[in-house]
Amino acid sequence: PINGWCTEKQYQNFMSNVIAWEKMQDITILKFWCSISQAEQKSRIKLREVSPLKYWKLSPNDKKALSTYDQMTIKKEAMFNLDGKWNSINLRINKRAF
């Protein structure tokens, strides 16, 4: 709902049904959250704006993400609290993350 991709009602419906839906599947779901700090995100966006090698990675959603970082963190924490099966990876240094 933060980005306008769904309504708050749709989000709430998803959150209340996702765990039951996952349990009905006959597969193992591996959940990864790739995380960077707000400062790191800001730094990467600034670099993408000026780098001839990275400008293509910049999307309108990137800048919007900076202004909604705190709201997204709240939604992320709600998701983590709903299901503790998430693996969080700090992507501060990309080459070491995986």
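This is a predicted model: local features need pLDDT of at least 70, side-chain atom pairs count only at pLDDT 80 or more; totals for chains, interfaces and linings use all residues.
1. Glu8 forms a salt bridge with Lys75, with 3.6 Å between the closest N and O atoms. Since Glu8 lies in helix α1 and Lys75 in helix α4, the pair ties together parts that are 67 residues apart in sequence. Lys75 is partly exposed too, at a relative accessible area of 22%.

2. Now for α1 itself. The helix covers residues 8–24, and at 1.5 Å a residue its 17 residues should span 24 Å; the end C-alpha atoms are 25 Å apart, which agrees. Do look at Asn17, where a kink of about 40° is centred.

3. Tyr11, Met15, Val18 and Glu22 are the buried residues of α1. They pack against β1 (31–35) and α4 (69–82).

4. Glu22 also belongs to a network of salt bridges with Lys31 and Asp83. Asp83 sits in the loop between α4 and β2 (86–90) and is buried, its relative accessible area being 10%. Beyond its neighbours within four places in sequence, Asp83 is in contact with Ile19, Glu22 and Lys31.

5. In helix α2 (residues 38–50), Arg44 and Glu40 lie four residues apart, about one turn of the helix, and their side chains meet at 2.9 Å, N to O. Glu77 pairs with Lys76 at 3.6 Å between the closest N and O atoms; Lys76 is buried at 15%, whereas Glu77 is partly exposed at 34% relative accessibility.

How values were computed. Residues are numbered from 1 along each chain as its sequence is written. Side-chain values use heavy atoms; hydrogens and water are left out. Helices (H or I, at least four residues) and strands (E, at least two) are DSSP runs, numbered from the N terminus. The expected span of a helix is 1.5 Å times one less than its number of residues. The bend at a residue is the angle between axes fitted to the seven residues ending there and the seven starting there. Buried means under 20% relative accessible area, exposed over 50%, partly exposed in between (1.4 Å probe, protein chains only). Contact means heavy atoms within 4.5 Å. A salt bridge is a side-chain nitrogen of Lys or Arg within 4 Å of a carboxyl oxygen of Asp or Glu.
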